[in-house]
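Colleague: I'm new to this one. Could you show me how to read it, one feature at a time?

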Amino acid sequence: MRRFPGLVGGSGRFSGRKGSSANGTRDALTSCMPRMPYLLLGALCALPIGCGDEAEPAGSAAAALVAVCTETTDDVPDGAWLCGTDRVVECDARPGTATPAEIFVVVSDGCGERLLVEPGPFPLGDHDVVVQKPAAASAPAVEVCRSRLSVVDTTAPTAIPAHTELWPPNHKLHVLSAADCARVADACDPDLDVHFISASSDEPVDAEGDGSHAPDIVFRDSRVVSLRAERQGTSNGRVYTLGWQARDRAGNLAEGTCTVDVPHDQSKRPTIADFPAYSIQAPPAF
Ligand SMILES: [Ca+2]
Ligand SMILES: [Ca+2]
Ligand SMILES: [Ca+2]
């Protein structure tokens with residue numbers, strides 16, 4: 001039975017550091033004027049505003065940042081984004097963007113005009129979000145207020161470590177990639193990189209009952225390693241342990257290990273992971 005390179009379970013260990021999410025969107029105001037459809041004007045979203053005009057629900061096809069006009073601060077829900085203040089939001093969608101749903105604007109001259117605001121989505125980084133009254137026939141657009149929007153990624157990648165078996169123990173080298181070792185994903189970084197940092201074996205490189213082949217662990221680079229399919233006939237099966245790391249472009253780190261077993265035989269008895277006989281470092285990732 002040839003089991004390599006099948007992934008047979010998920011017994012590897014994983015650890016990741018997680019950050020906190022930033023502010024979410026808030027419920028829309030209760031409308032006090034009939035709602036009207038809003039228009040797309042180039043890159044700007046024109047929202048006809050009545051007092052407390054209702055925003056599009058987040059997650060709908062039309063989900064985008066809209067300016068919600070209010071006549072007093074009393075109409076701004078607690079915690080809502082008020083134009084003129086800064087906001088930090090967690091990146092929440094590929095390829096690393098965020099779409100806050102509403103920015104409330106308190107206007108001194110009432111809510112009788114449409115307001116314009118760039119709808120997003122906004123990529124990682126800082127953005128000036130400007131709310132304007134639209135240009136009229138004889139007058140240019142007028143800035144009402146502006147805010148700084150910071151889209152951040154504070155969440156570590158997630159991973160599912162793999163467990164691989166090499167069979168038969170014919171002393172041949174088998175190639176594994178870091179992606180074989182851990183299947184990683186990140187909410188904000190679609191180009192996430194995973195690489196090895198170390199490898200160890202719980203059997204010596206050359207001892208009694210395992211043939212005379214060396215080396216048994218060969219790194220081609222930080223992302224590819226070759227492992228020899230062999231074990232001591234006098235022991236309980238060989239376990240290679242591969243350490244991996246994945247870092248998103250914001251610098252959040254996830255790391256863990258996966259294991260590669262060479263069973264002693266095909267009796268289904270578990271392969272026993274003993275204390276490492278030796279360990280080597282992977283080449284630098286960059
Ligand atoms: Ca991340
Ligand atoms: Ca060997
Ligand atoms: Ca063992």
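Modeller: Two strands pair if DSSP finds at least two bridges between them. Strands themselves (E, at least two residues) and helices (H or I, at least four) are DSSP runs, numbered from the N terminus. Here, strand β12 (residues 158-161) and strand β15 (residues 182-185) pair in the antiparallel sense over four bridges. On these strands, T158 stands opposite A185.

Colleague: Before we go on, what kind of model is this, and how are things numbered?

Modeller: This is a predicted model, where local features need pLDDT of at least 70, side-chain atom pairs count only at pLDDT 80 or more, and totals for chains, interfaces and linings use all residues. Residues are numbered from 1 along each chain as its sequence is written, while chains are lettered from A and ligands numbered from 1 in the order in which they are written.

Colleague: What is the mean pLDDT of the protein chain?

Modeller: pLDDT is the predictor's confidence in each residue, from 0 to 100. The chain's mean is 79, with 76% of its residues at 70 or more. Take care with residues 1-62, though: pLDDT stays under 50 there, and the model has 148 contacts beyond four places in sequence for them. A contact means that two C-beta atoms, placed from the backbone, lie within 7 Å.

Colleague: How many helices and strands does the protein chain have?

Modeller: One helix and 21 strands. Of the chain's contacts with a separation of 6 or more, 69% join residues 24 or more positions apart.

Colleague: How do I read the two faces of a strand?

Modeller: In a regular strand the side chains alternate between the two faces of the sheet. You also need burial: a residue is buried if 20 or more other C-beta atoms lie within 10 Å of its own, exposed if 12 or fewer, and partly exposed in between, with C-beta atoms placed from the backbone. Strand β5 (residues 87-90) has R87 and V89 on a covered face, and V88 and E90 on an uncovered one.

Colleague: Which strand does β5 pair with, and is the pairing parallel or antiparallel?

Modeller: β5 runs parallel to strand β11 (residues 142-152), joined by four bridges. Across that pair, E90 stands opposite V152.

Colleague: And the interior?

Modeller: Buried residues make up 37% of the 286 in the chain. A nonpolar core is a set of buried Ala, Val, Leu, Ile, Met, Phe, Trp, Tyr and Cys residues joined through C-beta atoms within 7 Å. The largest has 29 residues, and I103, F104 and V105 are among those with the most contacts inside it. Strands β4 (66-70), β7 (102-106), β8 (115-117), β10 (125-133) and β11 each supply at least two residues of this core, and β4 gives the most, with four. Apart from it lies another core of 26 residues, including L166 and L242.

Colleague: Where is G209, and why does G209 count as exposed?

Modeller: G209 sits in the loop between β16 (193-201) and β17. G209 counts as exposed because it has 11 C-beta neighbours inside 10 Å. Leaving aside neighbours within four places in sequence, G209 is in contact with Q232, G233 and T234.
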